[in-house]
Amino acid sequence: MAETLPDTVTQNADGRPATPRGPRQRLGVRGKAPWRERLREPAAGLLFVLPMLVLFVVFRFVPAFGALGMSFTDYKISGEFDFVGVDNYARLMRDPVFAVSLKATLLYSAFYVPFTVLISIGTALLLNSVIWARGLFRGALFLPYVTSFVLAGIIWRWVYELDGLVNGLLAKADLGPVDFLGDTTLVLPSLAAVSAWKGFGYSMLILLAGLKAIPTSYLEAARVDGAGPWQRLRRIVLPLLRPSLFFVLVIETIGAFQVFDTIYVMTGGGPVRASYTLVFGLFDQGFRFFDFGYAATMGVVLFAIVLVVSLIQRFILDRENT
Amino acid sequence: MTAPAEAALRRRFTLANLSLTALLAIVSVITVTPFVLMFVVALTPEGAPTLPAALPDRLTFDNIERVFSAAGFTRWTINSLVYSVVSVVLILLTASMAGYAFAKKRFPGRDTLMWSFLATLMVPFQAMLIPYFVLVSEMDGIDTFWGMIVPTLANSQAVFLMRQFIRDLPAELFDAAKVDGASEWRIYWRIVLPLTRPILATLGVFVFLWHWNDFLWPLVVAQSDDMRTLTVGLATLRTETVPLAQIMASAAISVLPCLVVFGVLQRYLVNSIATTGLRG
Amino acid sequence: MLMRKVMALSLAAALSAALAACGGDDGEQSGGGNVTLWMYPVISDQAKSQAFWAKVEKDFEAANAGIDAKIELQPWDGRQEKVTTALAAGKGFDLVVLGPDQIPQYVQQGTLAPVDDVLADKSAFGKSALDALSVNGKLYGVPIYHTATLPVYNRAALAKAGITDVPDTWAEIKDAAPKLAASGVSVLNYAGAPNETLNLTFYPLLWQNGGSVFGSDGKSVAFNQPAGVQALQFLLDLAAVGGLQQGAATSTSSLEGSAFTQGKAAVLPTVQLSQLSQIEKAIGAENVVVGQPIEGKRRVSFGLPGGVVLGKHAAGNAAAKKLAAYLATPEVMAGLAKESGFFPTRSDVQVPDASENAKKFAAAIDKLYPGDTHPKARQVMSVLAPHIQAALQGKKSAQQALDDAAKEANALLGG
């Protein structure tokens with residue numbers, strides 16, 4: 001039976017198809033069919049989200065609201081608590097250590113995020129354009145992401161120590177020694193470098209997948225039009241890479257604000273609290289000092305900060321698409 | 001890039017390619033060296049001089065064997081495999097479904113929901129660990145596989161990633177299927193999943209790694225010896241005076257399955273979305 | 001108002017569980033029952049550790065028919081999270097091993113039950129061990145072992161600088177510092193990284209100088225009094241003449257790669273018996289000298305008892321109490337001491353086949369101090385450590401660093 005093909009397949013700004021008219025005509029029952037058709041998409045959408053939605057409601061929203069609730073209490077491990085209003089928040093605002101932590105976290109993120117994103121883009125582009133042994137290179141570059149923080153901590157201490165690898169090289173040039181982990185200004189960029197080394201493989205693979213999703217014909221067409229590699233990168237590759245770039249930026253930012261492991265294995269928050277970041281402080285307050293109300297408060301404030309930063313990123317990078 | 005493009009590149013930029021390869025090789029050295037060091041230290045005999053001060057004069061498998069011979073080793077490995085593999089399968093399924101809906105379906109509250117999923121990632125895990133744990137405990141999930149696995153399925157990164165990639169699939173494909181009267185499930189199963197295979201493979205690698213290397217959650221939720229995962233089990237061998245070689249041996253052993261998974265899924269990563277049938 | 005209600009509800013949903021869980025589980029039976037003990041790798045050889053605890057479990061079950069005991073070895077990593085979550089849910093262990101630095105906190109959180117009735121006869125136990133494990137006059141931990149730390153010296157490094165007698169007083173150490181520095185060796189190996197426990201670094205110096213961390217009422221700190229300032233100044237004076245290793249302010253306590261094991265430092269001030277074999281491998285057994293506690297105004301070093309504590313949710317578990325009592329019997333204690341290199345807390349226990357060095361550690365037991373037991377001891381430590389680091393890096397004077405730390409710490413104690 002010959003189907004009536006939709007006369008036009010239009011596409012609105014966000015890439016979703018306009019409702020095709022074909023099937024509706026085919027059903028031929030006036031009145032009922034359009035109604036069912038109109039519900040088909042939202043109903044399907046909700047059903048597809050449903051399994052994840054249930055999981056999120058139970059295992060993410062409930063505990064997150066539990067933590068939010070905790071921040072207004074003096075919760076004890078025994079389960080007893082009293083409401084203390086906004087006392088924890090007031091204390092946080094007065095706490096000089098919180099101010100120090102906030103500054104350390106912001107500085108660390110300011111180093112880490114651009115650093116990691118640039119390395120991932122760079123390596124992804126390289127991997128995408130190189131011809132020889134690309135599987136091997138991809139595996140090699142991804143290795144740090146597979147390793148444990150214990151290993152990263154040990155290796156990078158060797159690198160940074162006063163009689164370590166870098167200082168050995170510097171000494172040959174009659175420079176140094178530089179106390180990377182002992183200097184309050186150097187410690188955050190040094191830690192950011194460790195995290196970037198450990199973590200860039202993640203973003204690299206995602207950007208690589210993003211690159212592969214770019215239709216080759218676009219690039220060919222641009223080449224035919226005489227666009228050089230740099231122009232193709234700027235005018236075609238980067239704009240089309242935006243969904244994965246946006247993803248990488250958001251995820252890396254969230255990760256940067258929650259940095260814990262690198263600091264735990266490298267400096268323990270030092271020197272002189274120069275790397276005492278928010279989640280490190282949160283861990284201390286919660287699991288070392290058992291001040292869970294206060295720890296939850298720090299969590300809520302950190303959440304608010306990251307949310308605002310992410311929404312700004314969305315506003316800048318992903319405006320027309322979300 | 002696809003084969004013709006490669007051929008074109010090869011013709012035009014052989015020199016450029018050579019320098020790019022050299023650049024990649026240099027970066028690779030920085031990422032591979034620590035790995036090699038790990039194996040060297042792991043193979044150093046007890047008490048012998050080793051890195052970073054000196055190269056060991058001979059190598060031994062003693063450290064590796066000692067880890068293998070730990071009483072619970074097999075059990076831990078099986079538990080880790082169950083935890084990781086089951087999670088990979090379930091997350092790939094649920095996240096791609098949700099990602100598809102967020103990317104291609106219009107329904108009320110869609111963007112709010114998507115962002116509230118993502119927002120849960122912004123709550124530091126340590127801050128909600130207590131309510132989270134008490135909740136799972138109330139559901140009698142402590143010390144069970146489902147209690148270990150199911151809570152981790154709510155993975156924002158997975159949903160977000162799938163959504164970002166499905167969003168750019170051309171609308172024509174879906175329209176054509178709808179015209180043919182395909183059911184929503186069939187569209188998802190026959191169009192969305194095959195087309196997103198590379199990104200599913202990427203996500204699969206990540207989910208496996210996250211679960212395989214996960215420490216804190218399996219540590220607290222699996223209370224008895226029988227439920228322990230490999231990361232937690234190996235940590236129980238780490239006494240206060242354990243030599244570095246032993247630590248490295250543990251690290252080397254636990255990393256091997258990750259390499260295998262990455263190696264196996266490599267070929268899917270290589271396939272571009274364009275070559276799986278979607279030519280622009 | 002609505003907000004408050006929503007929060008109360010969500011809290012209730014997520015947390016009421018804990019209350020319910022804490023109430024139940026009173027399986028008080030005379031004969032049988034179950035008990036789970038979480039043990040930590042205090043025995044450093046993992047094969048020996050597994051064998052020892054398996055045997056303890058079997059012997060206990062044989063002696064107490066009908067009781068099913070489980071002794072589970074847990075990792076040190078993530079210990080706080082694991083014990084805390086288990087207590088929050090009232091699930092997991094009945095008994096767990098904790099140190100006196102953690103017990104007051106858990107008691108304050110309302111999660112532990114006293115164990116006074118477990119030890120019928122307390123006379124055999126050292127008083128200091130019992131005191132360290134008590135909070136508000138109630139015993140919360142059954143002492144099953146005692147750790148001890150002593151200074152260890154590198155004989156070769158000292159000899160190279162012409163020093164034959166090990167320097168074990170502050171004056172001798174000060175005296176030795178420039179001589180050793182001349183041969184490129186620091187006198188002390190100091191671990192100043194802020195996540196290292198001060199119990200192994202600064203506090204012993206403070207105690208040796210007659211100081212203490214907390215004031216006698218526990219409502220303020222005392223480390224910035226002259227005794228504390230002098231102790232920190234002692235370190236700074238050493239540093240000034242090359243008496244601390246390079247990067248001491250950020251060094252960790254890890255033996256591997258430390259200045260001492262590389263022969264670049266002459267004294268490692270707080271060493272446990274179980275660490276000796278690793279040190280012997282690094283610098284040669286013939287060069288290892290175990291000293292007595294270092295003397296400032298008095299001779300004291302750090303050591304603390306390990307206590308088996310009972311979760312409040314298991315307060316009525318008779319089997320748990322039986323197991324705790326069993327672990328404190330002379331036979332088990334002697335076995336544990338032999339395997340772990342720690343010391344018995346009972347005076348009537350002799351450790352079999354003790355080595356010469358082990359005897360030195362055992363002899364020091366009455367000169368050991370476990371630190372002030374205070375529910376906020378850890379907070380105070382984490383406040384103090386960065387300021388000491390600042391002083392070691394030359395950013396602050398001793399007085400100023402300790403005053404700044406005291407200000408922060410007192411705010412914590414007052415609040």
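Residues are counted from 1 along each chain as its sequence is written, and chains get letters from A, with ligands numbered from 1, in the order in which they are written. As this is a predicted model, local features need pLDDT of at least 70 and side-chain atom pairs count only at pLDDT 80 or more, while totals for chains, interfaces and linings use all residues.

Let's start with chain C. Its secondary structure comes to 15 helices and 14 strands; here helices (H or I, at least four residues) and strands (E, at least two) are DSSP runs, numbered from the N terminus. Along the principal axes, the C-alpha atoms of chain C fill a box of roughly 70 × 65 × 35 Å. The radius of gyration, taken over C-alpha atoms, is 23 Å for chain C, which agrees with the value near 22 Å that a compact globule of 415 residues would have. That globule rule is 2.2 Å times the number of residues to the power 0.38. Of the 415 residues in chain C, 54% are buried. A residue is called buried if 20 or more other C-beta atoms lie within 10 Å of its own, exposed if 12 or fewer, and partly exposed in between, with C-beta atoms placed from the backbone. Among the contacts in chain C with a separation of 6 or more, 75% link residues 24 or more positions apart. Two residues are in contact if their C-beta atoms, placed from the backbone, lie within 7 Å.

Chain C splits into domain 1 (25-146 + 304-369) and domain 2 (150-300 + 376-414), with bounds that come from an automatic or database domain assignment. The C-alpha centres of these two domains of chain C are 30 Å apart. Where they meet, eleven residues of domain 1 of chain C are in contact with 13 residues of domain 2 of chain C. On the domain 1 side, helix α13 (residues 356-363) of chain C gives the largest share, four residues. By class, that side of domain 1 of chain C has four nonpolar, four polar and three charged residues. For these classes, Ala, Val, Leu, Ile, Met, Phe, Trp, Tyr, Cys and Pro count as nonpolar, Asp, Glu, Lys and Arg as charged, and the others, Gly among them, as polar.

Next comes a sheet in chain C. Its four strands run in the order β9-β10-β8-β11 (chain C), and the sheet is open, with mixed pairing. The edges belong to β9 (186-188) and β11 (288-290) of chain C; each has a single partner strand, so one side of each is left without a neighbour in the sheet. Neighbouring strands of this sheet are turned by 20° against each other on average, direction ignored. Inside the sheet, strand β8 (residues 150-154) and strand β10 (residues 265-271) of chain C pair in the antiparallel sense over three bridges; two strands count as paired if DSSP finds at least two bridges between them.

Another helix of chain C, α11 (residues 318-327), is mostly covered, with seven of its ten residues buried. Among them are C:Ala319, C:Lys321 and C:Tyr326.

Now for chain B, which has 14 helices and zero strands. In chain B, 47% of the 280 residues are buried. The assignment gives chain B a domain 1 (1-70 + 239-254) and a domain 2 (73-236). Their contact takes five residues from domain 1 of chain B and four residues from domain 2 of chain B.

What about contacts between chains? Here 87 residues of chain B are in contact with 83 residues of chain A. Helix α2 (residues 14-42) of chain B gives the largest share of chain B's side, 13 residues. That side of chain B divides into 57 nonpolar, 16 polar and 14 charged residues. Chain A also touches chain C, with 29 residues of chain A in contact with 34 residues of chain C. On the chain A side, α2(A) gives the most, with seven residues.

Methods
Axes fitted to C-alpha atoms, helices over the stretch in contact; angles between N-to-C directions.
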